[in-house]
Amino acid sequence: VGQGALEQYFELPPLLQHESSISTSSIQLPYSLYNTNADAAKTMVSTIIQSALVHVLDQTNTQLGQVRPVLCTSPGLDESTITTIFDDSLGADATISPTYIPEPVAAIWGAQQVQLLPDLLERHVVVVDVGAHVTSISLVQRNVVLQSLPLPKFGGETFVHEIIQLIVDKMPSLAHDAHALPRVYQAAQAAAAELNTQTRTTINIPYIGMNVKTKEPLHLTMEVSRSVVQQALQNHVQRVLVPNASHQLSPHLPPPTDLSRLWTSVLTCLLENSNVTPMQVSHLLVVGGGAKQAIVSDSLTSTWTLLTGNTHGLCIPQLGMRSELV
């Protein structure tokens, strides 16, 4: 989808005009990056980008001077910082300047490429990007991000950690077991993915620990329902999100008590800050891997209906497409 969007809006070099010559390199940033100081994080990201560039150039038998770097950036990130990181990854070859595309704009281009959105968008578009740890709500008009509000501590990993808490509640000894916690995390990840399409799932972790008294191995088997995880998430809204989102919430609405009301308050704040009315917004586009959970699409549907009076213009792609558009 991203390749198609770039083909639509940029003239590609002849080498890249044929699908057979296109190579991609996916990057999984290490979880430790989120707990690393700024300088160390920059170095780590530069190294990762360098390795991805080398892979793509080797696969396509291309020289660095033959490519045009296009960087998709999160709203609000300082371009000078990103340029420094990118230049560090190039080393002595840092003679080319990248083109920056805000992620909400790139998401719209991708949605237009697969005909989820019309090619001509005269009015504003709201893009809700539910990432792993942070959700961004952006207002876009004619390929320009007018306003963007981050919603920290809400994303795909929120669902995983709520499931982890359910597991630990069932077997409290796991909370301080450094050897068991990685397996608990993997099981919670798998359960969260299954709950994208199922209403309940079974978590099975054999040999997760040992009974101190009997020296017998401990096995964990438990069922988790979508409704239980959703209720835990609603509690997370009141316990964590609302107290930490004072600048993202509309001062003209009461404090949110659930996810739907949270979206309503954040979207209202976004529009108020931009002096835009709901009637001036033509579409709401939902993207990001964290948006695969049913409660996200359901609550955003309720919010959009409340703000506009109907579901026209609500663009929620199929599950797999939501992560591909960003």
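This is a predicted model: local features need pLDDT of at least 70, side-chain atom pairs count only at pLDDT 80 or more; totals for chains, interfaces and linings use all residues.

First a term: buried means under 20% relative accessible area, exposed means over 50%, and partly exposed is in between, with a 1.4 Å probe and protein chains only. Residues are numbered from 1 along each chain as its sequence is written, and side-chain values use heavy atoms, with hydrogens and water left out.

Take E162. Is E162 buried or exposed? E162 counts as buried because its relative accessibility is 11%. This glutamate sits in helix α5. Contact here means heavy atoms within 4.5 Å. Setting aside neighbours within four places in sequence, E162 contacts A232, H236 and R239.

Now the helix itself. Helices (H or I, at least four residues) and strands (E, at least two) are DSSP runs, numbered from the N terminus. Helix α5 runs over residues 156–170, which is 15 residues. From first C-alpha to last, α5 reaches 22 Å, close to the 21 Å expected at 1.5 Å a residue; that expected span is 1.5 Å times one less than the number of residues. Along with E162, the buried residues of α5 include E157, T158, F159 and V160. I163, I164, I167 and V168 are buried as well. What covers them? The cover over the buried residues of α5 includes the helices α6 (181–194), α7 (226–241) and α9 (294–308), and also β6 (200–210) and β7 (217–225).

Next, open and closed spaces. On a 1 Å grid over the protein atoms alone, a cavity is a set of points where a 1.4 Å probe fits but cannot get out; a pocket is an open set with protein on both sides within 12 Å along at least five of seven lines; and lining residues have an atom within 4 Å of a point. Grid points are joined across faces, edges and corners, and a volume is the space filled by probe spheres set on the points.

The second largest pocket holds about 200 Å³. Which helix gives the most to its lining? That is α5, with six residues. Both α5 and α7 supply at least two residues each. E162 and H236 are among the lining residues, which also include K153, H161 and Q165. For residue classes, Ala, Val, Leu, Ile, Met, Phe, Trp, Tyr, Cys and Pro count as nonpolar, Asp, Glu, Lys and Arg as charged, and the others, Gly among them, as polar. By that scheme the pocket lining has four nonpolar, five polar and three charged residues.

The count of cavities of 30 Å³ or more is one. The largest cavity has about 60 Å³ of space. Its lining comprises eight nonpolar residues, one polar and no charged. Helix α9 gives the largest share, three residues, and W304, L307 and T308 are among the lining residues.

E216 counts as partly exposed because its relative accessibility is 49%. Not counting residues up to four places away in sequence, E216 touches G209, M210 and N211.

Last, the whole chain. There are ten helices and nine strands, and 42% of the 326 residues count as buried.
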